[in-house]
Amino acid sequence: MLNFDRQHIWHPYTSMKAPLPVFPVVSASGVKIRLADGRELIDGMSSWWAAIHGYNVPELNRAVCEQIEAMSHVMFGGLTHKPAVELAEILISITPEPLTKVFFCDSGSVAVEVAIKMATQYWSGLGRGDKQKLLTVRSGYHGDTLGAMAVCDPVTGMHGIFKDILVRHHFAEMPMCGYHDEWDERYIKNLEDILKKNHKSIAAIILEPVVQGAGGMRFYSPMYLKRARQLSDEFNVLLILDEIATGFGRTGTMFACEQAGISPDIMCIGKALTGGYMSLAATLTTDKVSDGISSGAGGSFMHGPTFMANPLACSVALASIRLLLSSPWEKRVAAIEARLKDELSPCTGLALVRDVRVLGAIGVIELKQPVDMAAIQKKFVSRGVWLRPFGRLVYTMPPYVIEKDDLSRIAKAMVEVVGETDDV
Ligand SMILES: Cc1ncc(COP(=O)(O)O)c(C=O)c1O
């Protein structure tokens, strides 16, 4: 199996000539991933921010099984169904207030494409077809499709390779204010200057709120977001918040933008939406934006994926949100935060460590040099832990249901492995 996999199947961000090693998995339950050789690994990744309740969750299994007996899929053009309607209702109730319209789509990247199209169509509907550019910050990540890539960090997003097919947008410097830093207007000056100069052609600002994820696992002050909201109003551009990684409690609040007391014009969600069971994302917007879109040529929003609002995915998403709301998730995330702060702290001050930071259920050790991914991953697996470091980052975002001993094993493995790296 591994031989075939190596020769024929692409894994994320790998070379077909020199693929990184992969570990065959046979099952996953609770916070444990079971490998084909019988070893069990404690999951420190939640399958890339998604499996917030862990794996093989009875409530979510039941939702999928019941729905599959009724229908696994029907097209969403001309038809609708209870799982989609109930999911939209609950999403509108838990997201910040002016968001009232929901567009279901396949993945996070597509949700970002949809958000970009919504912003563009909104302005076009208002007779402002000249507003087609986006403004974002460096070190961001919004997905791998072309529209989303165009607003990812130009260096880590490898814009050089795709230079002639990516739209050129505006990039402000990344937010330089740490999460707890006292606010200073100079932190947002560059964004403001770009807006002053270019607002007439800018449709929207797009940001990951509070946490820049795959672009560097950086946390920044909610004040930056608050000011970005004010500036977007002042300069008449929309604000898109990409909550795909941060949504559903990861940073300690249901959505990260709540920490700034603001709401966006357009919000993207995905990943933990289905508790990590299957791919589903959504883009939410306000009456104002949807009215603008509907006033434009044809009046229709121009997107409609084949698997839009897939009933299985909607049912499991609904079950996942209900499970989250009925659980003490805030306490759990706060407990994870406290333990990670405490147990990752021995790494602070090591020669090869640049920074140790924790926010909500996210713990990051940033090194000064990039890690050797294959070697470091092996070390974690040999310690019974599943982590996937990248670049200079060794980090964890475990399922919220993780018990304290399992979390301690993850933290201990991070400290030990980084300590070993430090010896070299
Ligand atoms: C903030 C953010 N936006 C968008 C995406 C893309 O989501 P997907 O991988 O589901 O396309 C990701 C994925 O990591 C993300 O972290």
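In the predicted model, Ile33 stands opposite Leu41 of strand 3. The two strands concerned, strand 2 (residues 32–35) and strand 3 (residues 40–43), pair in the antiparallel sense over three bridges. Both belong to an open sheet of four strands, in which the order is 1-2-3-15 and the pairing is mixed. The edges of this sheet are formed by strand 1 (25–29) and strand 15 (385–386); each has a single partner strand, so one side of each is left without a neighbour in the sheet.

The residues around the ligand are Ser107, Gly108, Ser109, Tyr141, His142, Gly143, Glu208, Asp242, Ile244, Ala245 and Lys271. Sorted by class, this shell comprises three nonpolar, five polar and three charged residues. Polar atoms of the protein approach the ligand at several points. At Gly108, a backbone N or O atom lies 2.9 Å from an oxygen atom of the ligand. At Ser109, a polar side-chain atom is found 2.6 Å from an oxygen atom of the ligand. A nitrogen atom of the ligand, in turn, lies 2.6 Å from an N or O atom in the side chain of Asp242. On its own the ligand has 390 Å² of accessible area, of which the protein covers 81%.

Charged side chains were considered last. Side chains of opposite charge can pair when their charged atoms come close. The structure holds 21 salt bridges. One of these joins the side chains of Glu185 and Arg227, with an N to O distance of 2.7 Å. Glu185 is situated in the loop between strand 6 (170–172) and helix 7 (189–198), whereas Arg227 belongs to helix 8 (residues 222–234), so the pair ties together parts that are 42 residues apart in sequence.

A second salt bridge is formed by Glu420 and Lys379, whose closest N and O atoms are 3.2 Å apart. Here the partners come from two helices, Glu420 from helix 13 (residues 404–423) and Lys379 from helix 12 (residues 373–382), so parts 41 residues apart in sequence are tied together by the pair. Glu420 is partly exposed at 29% relative accessibility, and Lys379 is likewise partly exposed, with a relative accessible area of 28%.

Arg357 and Asp355 also form a salt bridge, in which the closest N and O atoms are separated by 2.8 Å. Arg357 counts as buried at 12% relative accessibility, whereas Asp355, at 30%, counts as partly exposed. Both residues take part in a network of salt bridges that links Arg354, Asp355, Arg357, Glu366 and Arg392.

Key
Residues are numbered from 1 along each chain as its sequence is written. This is a predicted model: local features need pLDDT of at least 70, side-chain atom pairs count only at pLDDT 80 or more; totals for chains, interfaces and linings use all residues. Side-chain values use heavy atoms; hydrogens and water are left out. A salt bridge is a side-chain nitrogen of Lys or Arg within 4 Å of a carboxyl oxygen of Asp or Glu. Buried means under 20% relative accessible area, exposed over 50%, partly exposed in between (1.4 Å probe, protein chains only). Two strands pair if DSSP finds at least two bridges between them. A residue is near a molecule or strand if one of its heavy atoms lies within 4 Å of it. A polar contact is a pair of N or O atoms within 3.5 Å; within protein, one must be able to donate a hydrogen and the other to accept it, and residues adjacent in sequence count only if both atoms are side-chain atoms. Accessible areas come from the Shrake-Rupley method with a 1.4 Å probe; for residues, only the protein chains shown count as cover. Ala, Val, Leu, Ile, Met, Phe, Trp, Tyr, Cys and Pro count as nonpolar, Asp, Glu, Lys and Arg as charged, and the others, Gly among them, as polar.
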